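Me: I have a protein model to study. Can we go through it in short questions and answers?

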Amino acid sequence: SPGLRHGLPQTGHGSVESGVKAVRVGGGIEVAENVAVGVTTNIFFGSYDYRRVYTESDVNNIFTKPSDTLPPDNFLSAQIIDSRHQSQSGFNLKLGVLASPNEHFQLGYTFETPSFFSVEDEFKRTGSSKLRNGNEFSSTDESRYDVSNLNPITVNKYNVTTPMKFGGGLSFNISGATVSASAGFSDLSQLRYSNADVDLSDLNDSARKNLGAVLNWKVGA
């Protein structure tokens, strides 16, 4: 296009894959007539993968002038690849009580402990370039030049603690009809990052400032 006649066309594309899975093991026991208590252990594990490829090419022969003697003379193309892999694992407990005072009425209460997550985050950036004279350079090629002072991989480990949650519900049924209601509460400003390789206190400050208590409720019939 006319806008590229005197420039370097640049292109980029990226991909993201992520997901968190959970294994739940629970049990309950009746502690009194029509009163039961239970507990569930939740184990979480997941991953996050990100990749971005950026390329730049001298298709308009900008760097082919005989008078060019300084870099990037003879430049042909360059590519930068950013990749990120994150592994996550965590656990919490959920406790509950269910009572049925009579055949028409049921009520329950749940308490979920904070979720404790351990995260390992690895970021890597590599670059390569090609010249018209046939030379090629890469940030990972130790045989071509000294890269001892370069560290293309950044690893950060940290913990995340999510707020505790409270919930409750009740239902009433008679003559074939059932009415139910439930509510849950959590104070998201209690979200915390800790044990990080780098300072993440700004994220904790942001959580205190920008997040707040959340109440959700549902009714049905």
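Me: In which strand does lysine 124 lie?
Reply: This is a predicted model, where local features need pLDDT of at least 70, side-chain atom pairs count only at pLDDT 80 or more, and totals for chains, interfaces and linings use all residues. Residues are numbered from 1 along each chain as its sequence is written, and side-chain values use heavy atoms, with hydrogens and water left out. Strands are DSSP runs of E, at least two residues, numbered from the N terminus. Lysine 124 lies in the run 116-131, strand E5.

Me: How does lysine 124 count by relative accessibility?
Reply: Buried means under 20% relative accessible area, exposed over 50%, and partly exposed in between (1.4 Å probe, protein chains only). Lysine 124 has 31% relative accessibility, so it counts as partly exposed.

Me: Which residues is lysine 124 in contact with, leaving aside neighbours within four places in sequence?
Reply: Contact means heavy atoms within 4.5 Å. By that test, lysine 124 is in contact with Ile81, Asp82, Ser83, Pro152 and Ile153.

Me: How far apart in space are lysine 124 and glutamate 136?
Reply: In sequence, the two are twelve residues apart. From C-alpha to C-alpha, lysine 124 and glutamate 136 are apart by 20 Å.

Me: Where does asparagine 34 lie?
Reply: Asparagine 34 is not a glycine, yet its phi is positive, about 65°. Its relative accessibility is 37%, so it counts as partly exposed. Its place is the loop between strand E1 (10-32) and strand E2 (35-57).

Me: What is the phi of asparagine 61?
Reply: Asparagine 61 lies in the loop between E2 and strand E3 (75-102). At 44% relative accessibility, this residue counts as partly exposed. Its phi is positive, though it is a residue other than glycine: near 55°.

Me: How many residues of E11 are buried?
Reply: E11 pairs with E9 in the antiparallel sense over eight bridges; strands pair if DSSP finds at least two bridges between them. In this pairing, phenylalanine 185 stands opposite leucine 215 in E11. E11 has eight residues and lies largely in the open, because the number buried is zero.

Me: Which residues make up the largest nonpolar core?
Reply: A nonpolar core is a set of buried Ala, Val, Leu, Ile, Met, Phe, Trp, Tyr and Cys residues joined through side-chain atoms within 4.5 Å. Leucine 191 touches Val160 and Ala207, among others. The largest core has six residues: Val119, Tyr158, Val160, Leu191, Leu200 and Ala207.

Methods:
Helix = DSSP H or I, 4+ residues; strand = E, 2+ residues; numbered from the N terminus.
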